[in-house]
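Q: Could you take me through how to read the pairing of strands between chains, and then the features around it?

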Amino acid sequence: MKINISFKPSYAMATVSLIEGESIKSESGAMVAKSDNISIQTHKAQKGGLFKSLKSAVLGGESFWMNTFTAHRGAGEVKLAPTLPGDIVQVDLSNQTVFVQSTGFLASDSAIEIDTKFQGLKGFFSGESLFFLRLSGSGPLLISSYGGIDVMEVNGAFIVDTGHIVAFEDSLTYEITKFGGWKSFFFGGEGLVARFKGAGRVWVQSRNVPGLGAWFRENLPPRKK
Amino acid sequence: MKFEIIGKPDFAAIKVNLEAEEKIQAETGAMVSMSPNIKIETKAKGGIFSSLKRVIFSGESFFQNTFTAQNSAGEIMFAPGSEGDVVHRELVNEELILSRGAYVCGDTSLVIDSKWGGFKSFFSGEGLTFLKISGSGNLFFCSFGAIEVVNVSGDYIVDTGHIAAFEPSLNYHIERVGGLKSLFLSGEGLVCRFSGSGKVYIQSRNHNSYAMWANTWRRVSRSSN
Amino acid sequence: MVYMDEAIEVKTAFGSGFFSALARKILGGESMFLNTYTAKEEVRLGIAPEFAGDVQELVLNNESLILQKGAYLCSDSGISIKTKFGGLKSLISREGVFLLEASGTGKLFISSYGAIYKKEVTEEFILDTGHLVAFEPTLKYKVQKTGGWKSTLLSGEGFTMRFSGSGTLWMQTRVRKGLIDWIMGFLPR
């Protein structure tokens, strides 16, 4: 599998070249284009696994259906892109576990398991449309962001606004607190921050996903039920 | 007419320099700035019916504006509503099919047909409306995300929400991706199978997916009527 | 605030005519809500604006700049921000544009929705109000409707600022209302 990421950092798109028989798994709705000999199979997040639905599985961000693209009768390519404007980064997992924010999961090697029993890391967001996925295994993982991505090395304590977190390694511990007190609620952002401790990486995005949602909520006309 | 595309590739805008009495036609609301001697005429070009077709089928506003540099040269800057790039193409007695919302501005010599029924499909409401631009002159169209030009030779499958424009010399056919389960759960919607040879302008973000994501944040109106 | 190391003291305050502050958002046209971040040692602090677009650093040297409210991102302690100042005319605009004055000596960061395009104005120039980021106070402006009333309502162009004099103007290549209209075009009616 070869992955090439173009149009960084604002409208990044991943072109995945698969040799015959190879597959990649992606979030539903990620396909931009594909060669004719690439098949698409839709399945639940973890094939054959016990599907424990997260309440917000079909709200907002990810639906918990995934697509697996496989090359047949020769090599082929599939282009993948996320919904929001922003970046894509390839993270090569080596028998590790990472937490990825729901709108941040783009695609991964089929060998990476998505823990469907995982309850989504409570407390990061006040609503239910955003949550975290728990991914473990080895192989390439593509995460996407709203805005650009920065990898921050945590060594000690580090504070990140929860709406700006794309992913983080499970070697880190965290505590969720309010930032700025009551005034934060005026600004559409959650006002919640994660205080990370320990050593590990946090992938941070330069724009705020719940902030964008709140702005849409404010500015789009209401819809009929 | 001289032009310069600025803000490429993320938030492109078009700076046009018109000679005295030269005109350009633009989508409603596209004007960013202009010299004071530019006259704006708002009228339903081509008669009331062609404008009605434009608003109903393409989402383009009812009225196209014609900008004229009066008495002396003048400058105008235009920008689309979508986040992404702008492409200039000089049509030479040819046609180009543009996605809904991709048209920004162009020479008044170009003919815009919103009745283009090339995509016959029984899946309606998928935002499959496209415009046909024909004739000779400068055309400026935009994308949501970055633009990648694909020279099709053989079969190539593109999600319809990722098509900014394509040459009608291509054979094109709307399909469901995968089987029926794939259609509704895959999130992929409808795809266009291109074959033969010609250019497709692919955009790296999907306007249908993004609009649907924004839609999930809208308030629900409890109208008691 | 996007991220920060722990050794930063954050103080929150509000009021009009406030000075020496760093801020991420501005409330209305009257009062302002500002956070001041003071480092206790060498630390990392990430500040980002709300919208997709540019951030630009400007250095003021005992001078002022007029900013559209949403364009102010942050500044160092040498810059003061005022919401009311002499010569401010109230703007009637669909975009709800409010102006601030940033003045003093120090670094000022402005942000935009879309790309920032700098224009040296030397003769009369018309700008759609939603596209304004900042301008030098040597420029004068008048708010007007684009074309006649029919043009305004039908052309979609709304209100414009007619600038005269000479000075630098910063504009942005996108408007937030444009994003709403664009999205609504893809949703079922």
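Q: Which residue stands opposite Val220(B) in β18(B)?

A: Strands here are DSSP runs of E with at least two residues, helices are runs of H or I with at least four residues, and both are numbered from the N terminus; two strands pair if DSSP finds at least two bridges between them. In this predicted model, Arg223(A) stands opposite Val220(B), and two bridges join β18(B) to strand β16 (residues 223-224) of chain A, the two running parallel. Residues are numbered from 1 along each chain as its sequence is written, while chains are lettered from A and ligands numbered from 1 in the order in which they are written.

Q: How many residues does the contact take from chain B and from chain A?

A: Two residues are in contact if their C-beta atoms, placed from the backbone, lie within 7 Å. By that criterion the contact takes 33 residues from chain B and 32 residues from chain A. On the chain B side, the elements giving two or more residues are β13 (156-159), α2 (180-185), α3 (207-215) and β18 (220-221).

Q: What pLDDT does chain C average?

A: Chain C averages 79, and 75% of its residues score at least 70. Over residues 15-31 of chain C the pLDDT is below 50, although this stretch has 45 contacts in the model beyond near neighbours in sequence.

Note on methods. Predicted model: local features only at pLDDT ≥ 70, side-chain atom pairs only at ≥ 80, totals over all residues. pLDDT = per-residue confidence, 0-100.
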